[in-house]
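Please look through the structure shown below with the following explanation at hand.

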Amino acid sequence: MAQQSLESKKGAIVGKLKEAGASGLGKGGLGIKDAKSLGARALKALQEERRVANLGTPKKTRYVLAEFYKPLELACGQIEANAKKASSSRSGILELLSRKDLEKGCEGQIRKKVDEAIDWLVKEQRLLRFRRGRSIFFVHAEKIRGAAVGIPSPEPAKTVAAEPVETLPALAGVDRRGIRAAYQRLARRLGYSNVEISGLRREAGCSMDALKHFLLDESRQGRAVLTLGDWSVSSEETRAGAIELFGKPHLLVRLDAE
Amino acid sequence: MDINPFESVIVSEPRRIDTPVPGLNDAPLDSLTRQLDKLTGGDLPRAVKLSGAQFIQSPAPGYGKSHLIGRLFKALRGQATLIYQRPYTNASTCWKSILLKMVQELEFPESAAAEFCGENEANQLEALVHGILVNIAINGIQGGLITFKDRENQDVLRYFRKVSLRQLRFNRRWVGSVFEKRVQLAGLMEKQLKARGIFLNASPLSWLSVLIHYAYRPEQYELRQACLDWLRGGSIDDEEAGRIGIPPADRPVHDLAMEQVNAAAKDRITDFCGLAGFFRPFVFCFDQTENYGSDPFTAKSLGVVIQGLVDGCFNHMTIVTANQAPWYSVVQPHWEHAHRDRLCQPALELKGLNRDQACELVRIRLEGWPPGLGKAAVMLEPAWLDELFGQTKELGVRHFLLECSRRWLGSAEPPPQPEIADLYQACVNKIKTQPKRLVFDPDALYWLVQEVACGPGAAVRKFKSESGYLIACWEVDGRKIYFGFEPGHHFRRWQAIQKEAARYHGADPSCKSVFFRTPELREIPGTAWKTAPEIAAAKGRYLHIIVLSGEEMAELYAAYDFYMGAVEGDIPIQADAAVGFVRERLKPFWERILEPVPEKWGGGKEEPESAKPRAEPRAGLIKTIRDIVRREKFLSVTDLLGKISPPVTEEELHRARACIPEIQVYTSPSMTVLQWRRGK
């Protein structure tokens, strides 16, 4: 009986979230007030089944169906909107935006993806990065095209990916050889070539963010292959290594010989 | 007709795969065929063992494990006897399940090009028997143990090397004389096997008698069925065993315990592999292995099975496929070191498609599609492919097909998540197109009874009756329902089953015992059984024998496929949700099982259909279907049914259609479409 009502509650939550779409709903919107209520249990079960995810924070929740859980894409969208919106009070002058300006409106899981999203937009040449001293500023490419004639149109991603890895600011401090050596050791030990990104980080002893940047670049340049793996049977630690590609978390990587 | 050529993303029958993409996963395929070469050299009979089972590892679902098996089957046509093993569900009877599926697979066409034997087309078992017999004779002649007074040995050798099963089958004099001389032939066979260190568990005389009857006397339907029962490790009537020529020592007794039945099944498999030394090796493919991770005991049993095959059986290549994450998290951790060592390392890893291969896959899927839609160019647009492959140089095949599907439908967004009922219906439709699947499948039935059950109110427990005939039990509202899964047709065994059911009924008159039968199995009770009246009476009180029709089998087996797809990640729902849906969907089936009034069980007599031998599809029907589909290029099964006169059932249509390798089948929740493809 209890099983039945839990199932029906889960169905009701899914129904509400389907209706809400990408905007999602908070706990209040889902009618969940008590943490021990049937609704809370149903929601927890749906999260464990990975049918529902929280785009917000534990306090300020924003639950969406799994198909709408795309924090990187949402972060890109919000950042682009912020960058396009910014306009100088004086004509002929471009407004330089800081990271803080760009991340406005990004919360929870989306906020966590801001750095990754900025890197992505820079590589896509939709955002341009400038440096002055220690400060980094950004301008949306459309703003520049609007202000100056002769700026080339965006090239396909493949061309961008041809940029030498070492020159990308996000990869500063990444020991490329060290990571490749760590990968070789790990793959040899495990006996297969698609290793968990989280395992590679442990083996390489580098920071997760730096490793993810590195692997994304290697993937774009055809030296690494990111693979989905299986989220449903993966541990939290494994999931921490996920790199979002095509809106989906990729847990494994294979580094091919150069 | 609104058909999406990219919709089909799952291979469920390795004998019916799409044209492969050149270069994709060729390395693991080459490695497998090289391994098989090791088993095919040297004099007959061979006694070769590989160092371990071949392990194919996929980084994620949708990289083409089953497709690779399909390619291997195609590559090994005529070189190996091919056995595809879906997961078993009851670890206690694992060998019994494997043997049952093995015998079912042996009845697939020898050609491996189609799923169903056409008229006069040999199946794998017949080809194996013919190969064994001919090679025993050739060895005997070459060794001087068989001589001919009136003919030159060389002429006879030439004849045996060329002669086909069909030619010998129609040579009644030859069949009669072989059967008469089977004792001498068995002696010859034993001698040749012993010289290679192969010792059969059952006597060579029993094996030869059964095999000769099966392959060369197909017109004797009842005896052929009895041979199949014996090959499946089951007990058979003494009278039938006598007519076949099985000595008493090799007639499994009717009241074997479950462990003994399992052990007997393992012996039978070992013998089959030994005998394969006279012909060609077996290839066993254990696919969808995530499902063995359902509990530690089942996971461990797979390790025991692989070790048993690798260590104990000659002349076979065993292949295990796995998705990386579930394998290392829920299956392998339950294996002992000895089991793990039986998997060849390193694993053969599958890779995704590169850009060129992706283009080729699009071309393959669009081949034969109605032209003029202009969609082909859209699907091969460089900018779109650049966008996809600009981020990665490889994509999993299923991932790419889903992207293609989205583009074909002209949607920027991912296609909406299909309804769960549609996903299930697609499984039902797919099973209906696979006539070979519509046979007794105790694993699917056991799973339904043990894991799904009728509802939350039912207490399901693992159970074993005193004699072991009843292996599952439900307790619903204080009433007990026992279940048994018996494919055999031995009157004593069924008498014992009836007595055991009577014992439980005597102790608790509200209980009953349920057994399932399928149309290809013989009627219970047999018409000539002395115990028939007693069993018939029991059927009217406490022995509920449910004869499943093709339609019902499709529903039930689809439920199992649906669940396995969810476990494997092929179907985008959670396994628990799949179980919940199936439980609800199969309400009429549960009600049928729960029905307490025997008068409403469908009567004491089985449907007459079950007693009839299932004939091979008629050549005329096959030709009609071939002509229509070739002419029309594309048409739905409903349309095809409308064009065939005199009318046939959908099941008959699929049995005939399955003989035609050029016909590609597409199933969706709403319809099944047939496409003519040249050169398949």
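In this predicted model, chain B holds an open sheet of five strands, which pair in parallel in the order β2-β3-β4-β1-β5. The edges of this sheet are formed by β2 (81-85) and β5 (348-349) of chain B. Each of these two strands has a single partner strand, so one side of each is left without a neighbour in the sheet. In general, the strands of a sheet pair through backbone hydrogen bonds, either parallel or antiparallel.

The partner of β2(B) is strand β3 (residues 282-286) of chain B, and the two pair in the parallel sense over five bridges. Within this pairing, B:Thr81 has B:Phe282 of β3(B) as its bridge partner.

Not counting residues up to four places away in sequence, B:Val283 touches B:Leu36, B:Leu76, B:Ala80, B:Leu82, B:Ile83, B:Met317 and B:Ile319.

Chain A is divided into domain 1 (2-68), domain 2 (71-154) and domain 3 (176-255). Where domain 2 and domain 3 of chain A meet, four residues from domain 2 and four residues from domain 3 take part in the contact. On the side of domain 2 of chain A that touches domain 3 of chain A, α3 (71-85) and α6 (114-123) of chain A each supply at least two residues. By class, that side of domain 2 of chain A has one nonpolar, no polar and three charged residues.

Technical notes: Residues are numbered from 1 along each chain as its sequence is written. Chains are lettered from A and ligands numbered from 1 in the order in which they are written. This is a predicted model: local features need pLDDT of at least 70, side-chain atom pairs count only at pLDDT 80 or more; totals for chains, interfaces and linings use all residues. Domain bounds come from an automatic or database domain assignment. Two residues are in contact if their C-beta atoms, placed from the backbone, lie within 7 Å. Helices (H or I, at least four residues) and strands (E, at least two) are DSSP runs, numbered from the N terminus. Ala, Val, Leu, Ile, Met, Phe, Trp, Tyr, Cys and Pro count as nonpolar, Asp, Glu, Lys and Arg as charged, and the others, Gly among them, as polar. Two strands pair if DSSP finds at least two bridges between them.
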